[in-house]
Amino acid sequence: MDGANKVRQLGLGADLRTLREKSGMSTRSVAEKLGISRMAVNRTEAGTRNAALEEVIALCALYGVTGRQRERLIERARGGDGSSSWLATGPATADQVTSLIALEGEASVITDVSVTLVPGLVQTAQYMRAVMGGMPEAEWMVATRMARQALLTKPEAPSLRLIVDEFVLRRRVGGKAVMYEQLDHLLRVTTMPNVSVHIIPATAGMHAGLDGSFVLLNFPEREPHVYIEARRSGLVLTRARDVEPFAEGIDELDRCVLDDRRSSRLIEGIKEELAHE
């Protein structure tokens with residue numbers, strides 16, 4: 001199975017599990033109603049089995065799903081061409097978050113290149129709220145992003161490498177107090193054994209990261225993926241020819257980033273500037 005279908009399948013399975021649990025049905029009773037094995041139901045919900053379109057339609061009827069929610073589940077069951085997967089954001093389409101969490105959970109190495117904002121996996125709650133502004137779903141998004149951060153402390157957590165432009169550190173998102181707390185948190189994160197933070201200094205001038213922020217996810221047993229987020233949507237690239245330019249961009253950035261020690265000193269210096277204003 002290609003990566004984009006895997007992303008969609010994981011999200012679909014998670015949604016079907018949530019709907020079953022809300023209906024109060026067991027996997028055994030669902031299996032009996034559909035005439036399939038209980039293991040098949042479990043595998044579908046875990047994202048390791050691709051449910052047939054007719055099966056998803058039957059599940060929607062069984063769980064009482066109607067309207068746009070039913071249409072969305074059916075659209076996802078039909079699938080796409082596998083070259084990439086656009087993922088809508090917001091509380092009404094939690095598939096984006098579910099799929100991203102699933103990908104991050106499977107990754108062995110996550111490289112986050114950020115030239116606009118502090119990467120989501122290390123943002124503080126107040127920084128998140130400042131980024132999201134007055135969006136009606138802001139608290140839902142804060143809660144889900146904070147939940148994603150648990151990934152960093154779980155057993156066999158992936159290695160996280162952050163490549164962050166210096167201007168991200170100097171951009172006062174939420175004001176001086178919020179930014180001070182964020183920089184302090186970022187410094188604490190650098191002490192974690194599975195996390196490294198490398199800063200692209202302002203003196204680097206033009207660099208490969210200026211094409212835009214992205215996340216490269218490497219997996220133990222399949223090809224790497226790239227995740228790109230743009231305002232209200234996200235894109236997962238899975239084909240090698242699409243991913244390769246991003247991997248090459250990271251190689252280019254490696255030639256201009258500061259090492260661990262100098263990166264930490266720069267973060268500390270900017271934090272102290274805020275403290276003494």
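## A look around Ile110 and the rest of the fold

Leaving out residues up to four places away in sequence, Ile110 touches Glu104, Leu121, Leu151, Pro158, Ser159, Leu160, Arg161, Val215, Leu216 and Leu217; contact here means heavy atoms within 4.5 Å. This is a predicted model, in which local features need pLDDT of at least 70 and side-chain atom pairs count only at pLDDT 80 or more, while totals for chains, interfaces and linings use all residues. Residues are numbered from 1 along each chain as its sequence is written, and side-chain values use heavy atoms, with hydrogens and water left out.

Now the cores. A nonpolar core is a set of buried Ala, Val, Leu, Ile, Met, Phe, Trp, Tyr and Cys residues joined through side-chain atoms within 4.5 Å. Buried means under 20% relative accessible area, exposed means over 50%, and partly exposed is in between, using a 1.4 Å probe and protein chains only. The largest nonpolar core has 35 residues, and the members touching the most others are Ile110, Val122, Leu160, Leu169, Ile199, Leu217 and Ile267. Two or more residues each come from α6 (95–106), β3 (159–165), α9 (166–170), α10, β4 (195–200), β5 (214–218) and α12. Helix α10 gives the largest share, six residues. There is also a second, separate core of 15 residues, with Val30, Val56, Cys60 and Ala77 among its members. In general, nonpolar side chains in soluble globular proteins tend to be buried together.

Stepping back to the whole chain, there are twelve helices and seven strands. These are DSSP runs (H or I, at least four residues, for helices; E, at least two, for strands), numbered from the N terminus. Of the 277 residues in the chain, 48% are buried. Among contacts between residues at least 6 apart in sequence, 73% join residues at least 24 apart.

On to helix packing. Two packed helices are described by the angle between their axes and the distance between the axes. The axes are lines fitted to C-alpha atoms, for helices over the stretch in contact, and the angles run from 0 to 180 degrees between N-to-C directions. Helices α10 (residues 176–189) and α12 (residues 260–275) pack at about 155°, with axes 9 Å apart. That makes α10 roughly antiparallel to α12; under 35 degrees counts as roughly parallel, over 145 as roughly antiparallel, 65 to 115 as roughly perpendicular and the rest as oblique. Their crossing is left-handed, a term used if the near helix is turned anticlockwise from the far one by less than a right angle, with right-handed for clockwise. On the α10 side the contact is made by Lys176, Met179, Tyr180, Leu183, Asp184, Leu186 and Leu187, and on the α12 side by Ser264, Ile267, Glu268, Ile270, Lys271, Leu274 and Ala275. By class, the residues of this contact are nine nonpolar, one polar and four charged. Here Ala, Val, Leu, Ile, Met, Phe, Trp, Tyr, Cys and Pro count as nonpolar, Asp, Glu, Lys and Arg as charged, and the others, Gly among them, as polar.

The axes of α7 (residues 125–132) and α8 (residues 138–148) come within 10 Å and cross at roughly 140°. That makes α7 oblique to α8, and the crossing is right-handed. Helix α7 brings Ala125, Met128, Arg129 and Met132 to the contact, and α8 brings Ala138, Glu139, Met141, Val142, Arg145 and Met146. This contact has seven nonpolar, no polar and three charged residues.

| Residue | Relative accessibility | Class |
|---|---|---|
| Asp15 | 14% | buried |
| Thr44 | 6% | buried |
| Gln182 | 0% | buried |
| Glu156 | 80% | exposed |

The contacts below again skip residues up to four places away in sequence. Asp15, in helix α1 (residues 3–23), touches Arg72, Leu73 and Arg76. Thr44 sits in helix α3 (residues 38–46) and touches Gly13, Leu16, Arg49, Ala51 and Glu55. Gln182 belongs to α10 and is in contact with Val118, Val122, Gln123, Thr124 and Tyr127.

Phe246, in helix α11 (residues 240–253), touches Phe214, Val226, Ile228 and Leu237. Its C-alpha atom is separated by 7.6 Å from that of Val226, 20 residues apart along the chain.

Finally, Glu156 lies in the loop between α8 and β3. Glu156 is not a glycine, yet has a positive phi of about 55°. Most residues other than glycine have a negative phi.
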